[in-house]
Amino acid sequence: MWEEKDIKKVLVSEDEIKARAAVLGKQIAQDYQGKSPLLVALLRGSVPFLAELLKHIDLDIQYDFMDVSSYEGTESIGDIKIIKDLDTSIIGMDILLVEDIVDTGRTIETVKKTLLNKGAKSVKVATLLDKPSRRVVDMKADYVGFAVENEFVVGFGMDFNQRYRCLPYVGVLKDECYQGK
Ligand code: IMP
Ligand code: MG
């Protein structure tokens, strides 16, 4: 792939992601047995992980998308702006939020609270990656693909300035890719 030339190292390979998504998908199917959860994927980074997970959740599930961003340059840390809201009614629904990476935890914690306030019955979190060392709010994802060190990563949905999302693995960029940005 053309983006590969910018990658310093591969952190999680495509095979490792696929194998882990299969394990998590089966675990999710077991935990939600008899239920019909709504998977809510946060745009845009979680789309490849959602697609991988879906193959392994053998339940009557639906999925929908939300797009949120943090308010930049304000004091109200943790506040998020909803750019695209759900099209599905969530009252009484069991929701599984699907995220690419949980970093400080602010985004997912705020979305979780918002959905519970709007009447969701339960909200759990599945994330491909977790950076526990960066956490500023007390939140633990229910399903974690891989824990990673405090290092900026790209690929499998994750971007740097909207690039590198299409790489089929998770990697770290060469230092020169950040220069002048
Ligand atoms: P949080 O609110 O700090 O947990 O932010 C999580 C969001 O920040 C993720 O959904 C990503 O969109 C983005 N993010 C955090 N760390 C990385 C990274 O290493 N690479 C790419 N995006 C990241
Ligand atoms: Mg994200």
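In the predicted model, K112 is buried but forms no salt bridge, and D142, the nearest side chain of opposite charge, lies 4.7 Å away. Buried denotes under 20% relative accessible area with a 1.4 Å probe, protein chains only; a salt bridge requires a side-chain nitrogen of Lys or Arg within 4 Å of a carboxyl oxygen of Asp or Glu. Lys and Arg count as positive, Asp and Glu as negative, and His and the chain ends are not counted. K112 belongs to helix α3 (residues 106-117). Apart from neighbours within four places in sequence, K112 has contacts (heavy atoms within 4.5 Å) with L97, V123 and V125.

Residues are numbered from 1 along each chain as its sequence is written. Because the model is predicted, local features need pLDDT of at least 70 and side-chain atom pairs count only at pLDDT 80 or more, whereas totals for chains, interfaces and linings use all residues.

In helix α2 (residues 47-54), the buried residues are F49, L50, E52 and L53. Viewed down the axis of α2, these residues fall within an arc of 165°, so they line one face of the helix; the arc is that of the directions from the helix axis to the C-beta atoms. Their cover includes α1 (14-31), β2 (38-42), β3 (62-70), β5 (94-102) and β6 (122-130).

The protein contains 3 helices and 8 strands, assigned as DSSP runs (H or I, at least four residues, for helices; E, at least two, for strands) numbered from the N terminus. Buried residues account for 46% of the 181 residues.

How values were computed
Chains lettered and ligands numbered in written order. Heavy atoms only, no water. Buried < 20%, exposed > 50% of the residue type's maximum accessible area, 1.4 Å probe, protein only.
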